[in-house]
Amino acid sequence: NAASSRRSSLQVRALRELDLEVEATSTEIRARYAEYVRRFHPDSNQGDRSSEDKLQRVLRAGKLLKASGLMKG
């Protein structure tokens, strides 16, 4: 796939952190990012901070994907 061959190893790792395929579209990336931020945020888990590490990884992945132009908005 041409789209996947243009993605760097960092971009691929960020997509994997969001449980997405390498070919994921910007819309799919944005939707999964929003879902995971909600799911792993302590406010969504009655203050339970056990998902905080996953949330931090999701936020880093989102930042990288936004900076590289793969996720708009």
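Predicted model: local features only at pLDDT ≥ 70, side-chain atom pairs only at ≥ 80, totals over all residues.

Trainee: OK, where is the place of Gln-11?

Mentor: Gln-11 sits in helix H2, residues 9-17. Helices are DSSP runs of H or I with at least four residues, strands are runs of E with at least two, and both are numbered from the N terminus.

Trainee: Is Gln-11 buried or exposed?

Mentor: Gln-11 has a relative accessible area of 11%, so it is buried. The cut-offs are under 20% for buried, over 50% for exposed and partly exposed in between, with a 1.4 Å probe and protein chains only.

Trainee: And which residues does Gln-11 touch?

Mentor: Leaving out residues up to four places away in sequence, Gln-11 touches Arg-6, Leu-64, Leu-65, Ser-68 and Leu-70. Contact means heavy atoms within 4.5 Å.

Trainee: Which other residues are buried in H2?

Mentor: Ala-14 and Leu-15 are buried there along with Gln-11. They cover an arc of only 100 degrees around the axis, which puts them on the same side of H2. That arc is taken from the directions from the helix axis to the C-beta atoms.

Trainee: What does the face turned away from that side carry?

Mentor: That face of H2 carries the exposed residues Ser-9 and Arg-13. The buried residues of H2, in turn, pack against helix H3 (26-40) and helix H4 (52-67).

Trainee: What follows H2?

Mentor: Asp-19 does, and its phi is positive, near 55 degrees.

Trainee: Switching to the largest nonpolar core: which residues touch the most other members?

Mentor: Leu-15, Leu-18, Leu-20, Ile-29, Val-58 and Leu-65, out of 15 residues in that core. H2, H3 and H4 each supply at least two residues of this core. A nonpolar core is a set of buried Ala, Val, Leu, Ile, Met, Phe, Trp, Tyr and Cys residues joined through side-chain atoms within 4.5 Å.

Trainee: What does Leu-20 touch?

Mentor: Leu-15, Glu-28, Ile-29 and Arg-32, again not counting residues up to four places away in sequence.

Trainee: Now charges. How many salt bridges are there?

Mentor: The count comes to 6 salt bridges. The rule is a side-chain nitrogen of Lys or Arg within 4 Å of a carboxyl oxygen of Asp or Glu. One of them pairs Glu-17 with Arg-57, with the closest N and O atoms 3.0 Å apart. Glu-17 lies in helix H2 and Arg-57 in helix H4, so this pair ties together parts that are 40 residues apart in sequence.

Trainee: Which residue does Arg-57 also form a salt bridge with?

Mentor: Asp-53, with the closest N and O atoms 2.4 Å apart. Arg-57 and Asp-53 are 4 residues apart in helix H4, so about one helical turn separates them. Salt bridges that share partners join Glu-17, Asp-53, Lys-54 and Arg-57 into one network. Arg-57 is partly exposed at 28% relative accessibility, and Asp-53 is partly exposed at 49%.

Trainee: What about Glu-35, which residue is its salt-bridge partner?

Mentor: Arg-39, with the closest N and O atoms 2.6 Å apart. Both are in helix H3, 4 residues apart, so they are separated by about one helical turn.

Trainee: Zooming out, how many helices and strands are there?

Mentor: The chain has 4 helices and 0 strands. Its C-alpha trace spans about 45 × 20 × 20 Å along the principal axes, and buried residues make up 32% of the 73 residues.

Trainee: Last one: where is Ser-51 found?

Mentor: In the loop between H3 and H4. Ser-51 is buried, at a relative accessible area of 18%, and Ser-51 touches Phe-40 and Asn-45, not counting residues up to four places away in sequence.

Notes: Residues numbered from 1 in each chain as written. Heavy atoms only, no water.
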